[in-house]
Amino acid sequence: MEMKQPEMMNREDGGEHEKEQESQENGRLVADSIAEKGQKTCSGPGQVSNGYPSTSPQSPRDGAGAGTDRGSTPGTFRTLVVQQTSLDPPRETWSKKMDFLLSVIGYAVDLGNVWRFPYICYQNGGGAFLLPYLLMAVFGGVPLFYMELALGQFHRSGCISIWKHICPIFKGIGFAICIIALYIAFYYNTIMAWALYYLLSSFRATLPWTTCTNQWNTPNCTQYLSTDLNVSWTDNSISPAEEFYIRQVLQVHLSPGLHQLGWVSWQLALCLLFIFTVVYFSIWKGVKTSGKVVWVTATFPYLVLLILLIRGATLPGAWRGVVFYLKPDWGKLLTTTVWLDAAAQIFFSLGPGFGVLLAFASYNPFHNNCYKDALITSSVNCLTSFLSGFVIFTVLGYMAEMRQQRVETVAKDAGPSLLFIIYAEAIANMPAATFFAIIFFLMIIMLGLDSTFAGLEGVITAMLDEFPHLLARRREWFVLGLVCVCYLGALSTLTYGGAFVVKLFEEYATGPAVITVVFLEVIAVSWFYGTTRFCNDVQLMLGFAPGVFWRVCWVAICPCFLLFIIGSFLAFPPEVRLFDYLYPFWTTVLGYCIGVSSFICVPSYMVYHLVTTKGTFKQVSLDR
């Protein structure tokens with residue numbers, strides 16, 4: 001798009017021109033866009049569509065042609081977009097384009113890609129599941145992903161302050177997102193602490209989850225290596241890997257349930273402290289530092305996945321796992337569960353609605369091609385999930401061959417158990433087991449670190465943009481306080497019954513709340529702010545407007561996509577179980593209360609905004 005210096009319409013004296021030149025050293029005035037006659041402006045008088053103050057009126061009716069380009073045809077007008085004013089410090093930007101891409105990929109590709117996608121895929125028809133998965137990605141996940149990148153890049157704001165440019169009455173969405181991000185930090189980093197415990201335990205010749213002679217083992221422990229031809233596997237057998245995970249790392253056997261969690265495990269507390277220390281020194285200075293760290297944390301997992309894929313493909317019985325993973329069961333496509341799982345998987349995999357994409361995109365140059373970025377990063381995410389399925393199921397086929405069982409019997413565990421029990425046991429049976437254990441658990445930690453960097457950066461950007469005068473010069477201290485809050489909030493997940501708390505947070509505290517928040521976000525952008533206005537913003541940035549496909553997705557398909565997930569969750573609440581513990585009814589009520597505690601910010605702020613702002617309902621809710 002052609003770049004021009006705007007004309008100063010009113011000058012009081014000759015020194016005004018020098019002031020303008022000085023102002024442009026700190027702030028950049030970006031191009032003028034020609035809109036058709038009769039089109040609505042993107043904001044009220046004195047402002048432009050991204051909320052920054054304008055030096056000229058924005059529509060012909062704002063003055064006697066003051067904002068009109070004198071050389072243009074009648075009915076056309078110029079829109080001035082100010083990205084930064086001289087009153088504000090320059091916004092931090094990414095050092096390189098690859099810093100941004102790797103950060104987004106690292107955020108989107110997390111632990112769920114490794115354990116959740118393969119499990120959901122084989123559970124819902126194997127290769128047949130790829131059809132609903134791709135459809136949900138094309139019509140639901142990717143449009144939401146693209147929308148958030150475009151919003152963040154245009155308005156250059158975090159998830160709270162961005163609403164003053166879009167629809168102020170929905171500002172509570174930003175606060176809800178920040179609370180959800182805190183809940184995620186409370187339990188997500190604990191999984192990395194478990195992986196760190198495994199990593200530290202791997203630096204020995206004999207891995208501790210390969211023998212049954214340890215103090216935590218029970219009489220049912222069955223040491224079943226590929227060389228133990230005289231040992232048979234029965235229904236009562238428990239692998240040493242399972243006992244190491246349950247009785248040594250988690251120590252769940254010391255807690256009867258959520259009503260009595262027990263003491264904090266000091267080993268896990270130290271592991272989590274180390275994790276948060278790494279997180280702090282990676283994000284305390286902003287995207288300039290975190291953008292460098294992701295060159296390691298976002299690329300190393302792909303190297304490990306490639307190594308494990310090659311090793312897994314050479315194991316006996318690997319083909320059984322691959323066939324089980326991909327063999328299509330077309331009959332399952334007729335069930336609602338398959339489509340619900342596909343929608344939920346692509347949504348949580350790409351991760352719109354957590355404030356991260358808004359924050360990351362806000363540090364991009366104004367004319368960065370976020371459309372291309374959205375397609376690249378979402379494609380990489382989906383392909384990584386598909387690749388992880390081969391990595392997991394080649395090993396599951398090997399385990400089935402070794403135990404002389406069916407693959408579905410071996411693959412009964414989902415979630416973290418799939419990594420910390422089944423995969424850990426398979427690694428123990430490989431030659432050079434110590435090496436493979438070290439790189440595998442390093443990969444798990446780095447996959448988690450990327451997502452933690454992103455989640456906390458979303459909160460940090462939101463708070464710094466909302467309270468710049470208070471926090472802008474105290475970023476390091478604010479980040480330290482935030483990390484300390486997250487660590488203290490995670491202490492309940494480090495108790496003997498901490499695994500029960502992790503499962504509770506995962507099922508109730510984040511899922512339904514964030515889907516509802518994203519639904520409101522799409523409604524606010526598409527119906528209140530307006531798809532036409534949003535597409536004009538994108539055209540101003542990229543030089544081309546989104547096509548009919550994207551407009552239809554944002555206006556109709558995406559809201560229906562999200563309503564489908566919300567309705568299915570409410571109609572068929574999941575039966576939550578972990579190991580042999582079935583969550584009682586009161587824990588379900590507790591879970592819903594935790595979920596509502598974040599979402600309540602949305603209606604609460606609406607009431608506050610209506611009460612404290614003068615004017616009609618339309619003026620109060622839509623005035624920018």
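**Binding-site residues, a helix and salt bridges**

Glu 506 has a relative accessibility of 22% and therefore counts as partly exposed. The model it belongs to is predicted.

**Annotated binding site**

- An unreviewed UniProt entry assigns the feature "binding site" to Gly 106, Ala 108, Val 109, Asn 113, Ser 349, Asn 381, Leu 447, Asp 450 and Ser 451.
- These positions span 346 residues of the sequence, but no two of their C-alpha atoms are more than 13.5 Å apart, so they gather at one spot.

**Asp 450 and Ser 451**

- Helix α17, which covers residues 433-466, contains Asp 450.
- Ser 451 lies in helix α17 as well.
- Is Asp 450 buried or exposed? Asp 450 has a relative accessible area of 3%, so it counts as buried.
- Ser 451 has a relative accessible area of 11% and is also buried, because the cut-off for buried is under 20%.
- Which residues does Asp 450 contact, leaving aside its neighbours within four places in sequence? They are Gly 106, Tyr 107, Val 294, Thr 297 and Ala 298.
- With residues up to four places away in sequence not counted, Ser 451 touches Gly 106, Tyr 107, Asp 110 and Tyr 188.

**Helix α8**

- Helix α8 runs over residues 266-283 and has 18 residues.
- From its first C-alpha to its last, helix α8 reaches 26 Å, close to the 26 Å expected at 1.5 Å a residue.
- The buried residues of α8 are Leu 268, Ala 269, Cys 271, Leu 272, Ile 275, Phe 276, Val 279, Tyr 280, Ser 282 and Ile 283.
- What do the buried residues of α8 pack against? Their partners are α6 (172-201), α7 (240-250), α9 (287-297), α17 and α19 (475-489).
- Helix α17 among these partners is the helix that holds Asp 450 and Ser 451.

**Salt bridges**

- Side chains of opposite charge can pair when their charged atoms come close.
- How many salt bridges does the structure hold? There are nine, and three of them are described below.

*Lys 97 and Asp 373*

- Lys 97 and Asp 373 form a salt bridge, with 3.2 Å between the closest N and O atoms.
- This pair links distant parts of the chain, as Lys 97 is in helix α2 (residues 97-108) and Asp 373 is in helix α14 (residues 370-403), 276 residues apart.
- Lys 97 is partly exposed at 38% relative accessibility, whereas Asp 373 is buried, with a relative accessible area of 2%.

*Arg 116 and Glu 506*

- The salt bridge between Arg 116 and Glu 506 has its closest N and O atoms 2.8 Å apart.
- Here too distant parts of the chain are linked: Arg 116 belongs to helix α3 (residues 111-123) and Glu 506 to helix α20 (residues 498-542), 390 residues apart.
- Arg 116 counts as partly exposed at 28% relative accessibility, and Glu 506 counts as partly exposed at 22%.

*Arg 320 and Glu 401*

- A salt bridge joins the side chains of Arg 320 and Glu 401, at 3.2 Å from N to O.
- The pair connects distant parts of the chain, with Arg 320 in helix α11 (residues 318-326) and Glu 401 in helix α14, 81 residues apart.
- Arg 320 is partly exposed at 23% relative accessibility, and Glu 401 is partly exposed at 37%.

Terms used:
Residues numbered from 1 in each chain as written. Predicted model: local features only at pLDDT ≥ 70, side-chain atom pairs only at ≥ 80, totals over all residues. Heavy atoms only, no water. UniProt positions renumbered as here; feature names shortened; annotations may be inferred. Helix = DSSP H or I, 4+ residues; strand = E, 2+ residues; numbered from the N terminus. Buried < 20%, exposed > 50% of the residue type's maximum accessible area, 1.4 Å probe, protein only. Contact = heavy atoms within 4.5 Å. Expected span 1.5 Å × (residues − 1). Salt bridge = Lys/Arg side-chain N within 4 Å of Asp/Glu carboxyl O.
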